[in-house]
Amino acid sequence: MGQDNLWFFEGVDLFKILCPHKLKEFGKKHQFYNFKKNDFIYFQDDPSKYIYLIAKGRVKIGSYNEDGNELVKTILSEGELFGELALLGETRREDFAQAMDKETVICPMNIDDMSLLIKDNKTFSLGLFKLIGLRIKKLERRVESLVFKDSRTRIVELLKEMAEEKGTKVGEETMIKNHFTHKDIALLTGTSRQNVTTVLNDLRDKNIINFDRKKILIRDLEKLK
């Protein structure tokens with residue numbers, strides 16, 4: 001991980017604070033985990049012993065219902081963390097975590113070590129728990145969207161969410177470095193890849209967005225609907 005690959009959350013440099021190889025007391029015993037595409041980092045009902053940070057690649061977080069159908073809750077990329085519910089008393093994983101890229105590198109952090117950081121760093125602990133709260137609210141909104149909204153609305157709302165969280169303003173436009181494929185968007189919105197392509201093409205035809213494999217450009221967020 002490069003020195004300039006900083007992990008921020010609301011002004012808190014999580015990479016600098018969290019990654020164990022940056023900390024003298026943890027650095028000697030720290031190691032990275034490497035996963036290939038579709039490898040599971042953990043399964044539902046596995047013990048919750050670690051929090052993980054993504055050094056490289058993407059990770060899918062999801063669960064299976066009683067019928068064995070997959071529900072994708074979020075897709076995380078470099079610099080983001082997951083497994084954080086272990087800090088709130090989760091003893092067994094309620095979700096699974098699966099590598100999405102052929103070279104996925106994960107930075108693990110033991111719960112006991114993390115607890116020490118929380119105890120000793122108020123800025124970090126407040127930021128972390130705010131992150132957990134926002135994650136829970138986002139999941140609640142997504143479940144509500146799946147139940148009550150049509151597929152087009154779900155896709156548009158995901159684009160707005162991506163713009164707010166990962167977008168960069170370029171004049172009046174918003175640029176999103178697109179780490180979500182059409183398949184990813186379909187998984188997150190509970191629709192088909194074909195439906196995603198149809199909606200995105202329609203938005204492009206109306207000159208509301210433009211996109212390629214590397215980025216999505218939203219010309220006017222107010223018109224995105």
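Mentor: Buried means under 20% relative accessible area, and exposed means over 50%. Keep in mind that this is a predicted model.

Trainee: Which residues is Ala86 in contact with, leaving aside its neighbours within four places in sequence?

Mentor: They are Ser48, Arg93 and Ile111. Contact means heavy atoms within 4.5 Å. Look at Ile51 too. Ala86 and Ile51 are 35 residues apart along the chain, yet their C-alpha atoms are separated by 7.2 Å.

Trainee: What is the bridge partner of Ile51 in β10?

Mentor: Met109 is the partner of Ile51. Strand β5 (residues 50-56) runs antiparallel to β10, with six bridges joining them.

Trainee: How do you know that β5 and β10 pair?

Mentor: Two strands pair if there are at least two bridges between them. Here there are six bridges, so β5 and β10 pair. Strand β3 (residues 33-35) is also joined to β10, by three bridges, and the two run antiparallel. In that pairing, Phe35 stands opposite Thr104.

Trainee: What makes strand β10 (residues 104-110) largely enclosed?

Mentor: Count its buried residues. Six of the seven are buried, so the rest of the structure largely encloses β10.

Trainee: Why does Val147 count as exposed?

Mentor: Val147 has 56% relative accessibility. Exposed means over 50%. So Val147 counts as exposed. Val147 is found in helix α4.

Trainee: Which residues make the nonpolar surface patch?

Mentor: Leu71, Leu139, Val143, Leu146, Val147 and Phe148 make the patch, which covers about 530 Å². Helix α4 (residues 122-148) gives the most to it, with five residues.

Trainee: What is the order of the four strands in the open sheet?

Mentor: The order is β11-β12-β14-β13, and the pairing is antiparallel.

Trainee: What makes β11 (168-170) and β13 (209-211) edge strands?

Mentor: Each pairs on one side only. From one strand to the next, the twist averages 25°.

Trainee: How many bridges pair β11 with strand β12 (residues 173-177)?

Mentor: Three, in the antiparallel sense. At least two are needed for a pair, so β11 and β12 qualify.

Methods
Residues numbered from 1 in each chain as written. Predicted model: local features only at pLDDT ≥ 70, side-chain atom pairs only at ≥ 80, totals over all residues. Heavy atoms only, no water. Axes fitted to C-alpha atoms, helices over the stretch in contact; angles between N-to-C directions. Patch = residues over 30% accessible without salt bridge, like charges linked within 9 Å, V, L, I, M, F, W, Y side chains within 5 Å. Areas by Shrake-Rupley, 256 points an atom, 1.4 Å probe, with all protein chains shown as cover. Salt bridge = Lys/Arg side-chain N within 4 Å of Asp/Glu carboxyl O. Buried < 20%, exposed > 50% of the residue type's maximum accessible area, 1.4 Å probe, protein only.
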